[in-house]
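Here are my notes on the model, in numbered points. Please read them with the structure open.

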Amino acid sequence: MTGEEWGQLKQQLLRTVGASNFKNWIEPLELSGASDGVVTFLVPTSFFGNYVSQKYGDQILYHVNTMAPEIRRIHFNVGGDGARRSQAAPRQSADNEKAPAPERDGQMPAAPLDPRFTFENFVVGKPNELAHAAARRVAEGGAVTFNPLFLYGGVGLGKTHLMHAIAWELQTQRPELNVVYLSAEQFMYRFVQALRDRKMMDFKEMFRSVDVLMVDDVQFIAGKESTQEEFFHTFNALVDQNKQIIISGDRAPGEIEHLEERIKSRLQCGLVVDLHPTDYELRLGILQSKMDYYAGQYPGLKMSDGVLEFLAHRISRNVRVLEGALTRLFAFASLVGHEITLELTQDCLADVLRASERHVTVEEIQRQVSDHYNIRLSDMIGPKRVRIFARPRQVAMYLCKQMTSRSLPEIGRRFGGRDHTTVMHGVRRIEELRQTDGQIAEDLELLRRTLEG
Ligand code: ADP
Ligand code: MG
């Protein structure tokens, strides 16, 4: 295949992959040569090659075959634009292999990285600042100070984003390192495949030759015994070699059910940091940071003041939902050709807004209120009637009535089995005090805001 032919093929690829993917992933490919049924491209980094191979390998091969049907495989060699040529050559013993196309070159089975998940695009706020700082630290690729780094938190709070960001950063700053990112599910899949194909030695060797290993959503292997076993050995082998490991999970290591004790304790050995649910400021920051993008995508589309604040206030603490809402809003507004007003927002997102109404529980209220007044939870619920316990108790009852859908008898039951008339009395008392006692009014406001997140 000639450079000219590749030029034509690129034009076809432009149409199939779209302009921005083309610019990011196809344009930088440098045709290096074609022989013996293999076409070779130079790529800047092995990650780049991996990504293109997994995401576009089939499409590229398809188009190549329209002009050069003899080509069976695609190789990606590190050495393209900006690559450090001194870097360890990609392990390409593949020349004498008869693997099916598109060939992955015996490289690590890393998962592709999302190009949007960079540090640059990560908005830092109170709830994620520790996790971010820790991620930044390991992304420097210096001496290993804590191992593993364990990131945990609820869905959509940025765990995967941070892990990809680390990988991107290492990839540019320390291209000589063999950085591997994959989900625990993929780890299991590879493991099972290796077992099936009797390639356990290769599997072990491959994972033990990694410099930085990232395994996302480790809770997935809970309850899967042989995968856990293998994971444990891989983990230990890498730690012994002082290689950095970064793991994410949906909860703290100790709280993952059906995970072997020795793995739990291994996971706790390094630095464990959690991503807290977002707060209002962080949500607003994230929304604002996306506005440049949307302004570019939908030029001319206006947004009224207050819409972002409304969304940050009302939408769930999960960033993915927040992003989805913004995307929907812009798409909808551009269809109807209308400025994005508060009213349009409420219409367009009615279901999302309903779904993310915070469901506060009685227990949360009790905990928050006893924290606030610095009393023990047991004293709030218990029988003591002295004012220092009784007042907070009434405040908590009032908030339960206001913020949950529990009935008075139900609330009474959760306050140490009190009668519903006691609850009613408490609620009324606080209603009165709210009008007359500035301190109580302030307490209520603060508590409500905290509870609403
Ligand atoms: P998790 O892996 O914790 O479930 P993700 O990392 O997939 O969550 O994040 C969900 C979405 O929210 C992604 O699109 C991600 O880019 C975005 N996101 C999460 N946190 C932030 C943040 N702090 N700044 C910008 N985007 C964020
Ligand atoms: Mg994730």
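1. A polar side-chain atom of H161 lies 2.7 Å from an oxygen atom of ligand 1. T160 also places a polar side-chain atom by a ligand 1 oxygen, at 2.8 Å.

2. A word on the basis. This is a predicted model: local features need pLDDT of at least 70, side-chain atom pairs count only at pLDDT 80 or more, and totals for chains, interfaces and linings use all residues. Residues are numbered from 1 along each chain as its sequence is written, chains are lettered from A and ligands numbered from 1 in the order in which they are written, and side-chain values use heavy atoms, with hydrogens and water left out.

3. How many residues surround ligand 1? There are 17, and the closest are V123, G156, T160, H161 and E323 (near means a heavy atom within 4 Å). By class, the shell has seven nonpolar, seven polar and three charged residues. Ala, Val, Leu, Ile, Met, Phe, Trp, Tyr, Cys and Pro count as nonpolar, Asp, Glu, Lys and Arg as charged, and the others, Gly among them, as polar.

4. α5 (159–173) and α12 (319–336) each supply at least two shell residues (helices are DSSP runs of H or I, at least four residues; strands are E, at least two; both are numbered from the N terminus). Domain 2 (119–274) and domain 3 (280–356) each give the shell at least three residues. Domain bounds come from an automatic or database domain assignment.

5. Check the backbone at two loops. A cis peptide bond joins N147 and P148, with omega about -5°. P148 sits in the loop between α4 (129–139) and β4 (149–153). R198, a residue other than glycine, has a positive phi near 55°. Its loop runs between α6 (184–196) and α7 (200–208).

Methods
Polar contact = N/O pair within 3.5 Å; in protein donor to acceptor, adjacent residues only side chain to side chain.
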